[in-house]
Every structure is written in C-alpha cells, then in structure tokens.
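Morning, everyone. I have one structure to show, and a few places in it to walk through. Here it is.

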Amino acid sequence: MKERDIHKGIHKGHRERLRRRFLNEGLSSFEAHNILELLLFYCIPQRDTNPLAHQLIQRFGSVSGVLEADVEQLKEIEYIGENAAILLRLVGEICQSYESTRAIKTIEKRYELYKTGTYMVKHFENKQVEEVFFIFYDGEMNYVGERTLHYGDVNSASFSLRMLADAVCAHRAAYVIMAHNHPSGIPIASSDDLNTTNEIREFLLKMRVQLVEHYIVAGDRFTTTEHLK
C-alpha cells in the first residue's frame, strides 16, 4: 500500500473518531483547536485540518476570535480558501443571531430591566452610528417584534413620530420599549434625551400605548431614563 493511501486511511479514521466523539460527548471535552478542526472537515475534505486549526487559534487567539475575524483575514492563513473563510464567518454570524434571538425570550416582562438592558447592549454592539430602536409588545407583554426607526440622534428633527405610529399599528402593540446608543459617549441621558422621552411617551399615550422604558447604551453599559409605571 502506498504511503499516501496509508496516510489517507489514518486521516479518515481520525475524522470519524472526532465526529463520534462530538455525537457522544458534545463539545464540552473539546479543546479549542478540536472545535475548529471538526468544523473545517465540512469545507476542506482532503487535507488534515488539525494544523490549520492550530494556526487559526495562534493567529486569532480563541474560537470566538476566529469566528469574528473578517473573511480576508482568515484567507491569509495558508490553505484557508474562500469557502472555508466564509463558513467560519457564517458560523460566527449564526452564533450572534442565535444569541440575539434567544435573548428576546428573556424580555417579556416589564420588570426584567437588567435582562432587557443586556439585550440592548448586544443589539448595539460594535455599532458606530447612533440608532433609535424599538421593541413592541402586545397587551399581555408578549414580544411581537422590533424595529430600528432612525439612524442618527434620537433628538434629530428627522426622527418622525409618524414612523413610530406606523410601527406601533403594524405590530398592534400595547407596550413599547425604546433604546438609543451613544457610540462615543457615556450612557447618560441628556436633557434633550429626557425631553424626547417625554414627547414620545405623551404621543404614545394618545394612541393608548404605554412606553415602558427608554434605554441609553454606550459600549457594554446602559442606563434607563426612568422606571415607568
């Protein structure tokens, strides 16, 4: 038997053992490079992915670092082609989407202020532009949707209460939570922020809708303008 065929057989057996180990144990006993090695099986069929996994960890520091890396950065690793780079980046994006969707399930009650704030921090993560964001609930405080209604300062004249009214009607909302970010500042409401909060609250009350809270987010911190009752 040729040396190449022997190596191929050993390589195939290793892949099957790693797959079985995952099916039997999950990832709890896997080292970081093993996780990436297994993932790379599905886009690099003919090459030993163990050295590639080690190189990725060495370059980006961790599994999360690899999954958050840009496609072009990933392609700088030898034998990581476009398909492999896209897969790694895609898995990272899927993880973020999963965490975001999962977090939604924790914000169904008005008094869950900390959990909602944590969700808002995640929503605004890495966003460098100010954004005005709303979450909508029905009359029993069940989540019914969310929407970004404005990019820019919440106090900007271009922020339209009509857009908010349309979104409330589209979701048939009875309760609303709003949030905006201070990308390069601190999570403290300015006097203009407070005035805008009051204006929005009064506007929603005319629609028989309650503004539950207004979050201000900066980096990994948040504050609220008030605890509305």
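Start with helix H3, residues 50–60. Helices here are DSSP runs of H or I, at least four residues, and strands are runs of E, at least two, numbered from the N terminus. H3 has these buried residues: Leu52, Ala53, Leu56, Ile57 and Phe60. Buried means under 20% relative accessible area, exposed over 50%, partly exposed in between, with a 1.4 Å probe and protein chains only. Why one face? Down the H3 axis, the buried residues fall within an arc of 135°, so they line one face of the helix. That arc is taken from the directions from the helix axis to the C-beta atoms. In general, an α-helix has 3.6 residues a turn, so residues three or four places apart point the same way. After H3 comes Gly61, with a positive phi, near 90°.

A word on the model. It is predicted: local features need pLDDT of at least 70, side-chain atom pairs count only at pLDDT 80 or more, and totals for chains, interfaces and linings use all residues. Residues are numbered from 1 along each chain as its sequence is written, and side-chain values use heavy atoms, leaving out hydrogens and water. pLDDT is the predictor's confidence in each residue, from 0 to 100. The protein's mean is 84, and 86% of its residues reach 70 or more. Over residues 1–7, pLDDT stays under 50.

Next, Glu125. It sits in the loop between helix H7 (113–124) and strand S1 (131–137). Its relative accessibility is 40%, so Glu125 counts as partly exposed. Val217 is 92 residues away in sequence, yet 9.4 Å away in space, C-alpha to C-alpha.

Notes
Contact = heavy atoms within 4.5 Å.
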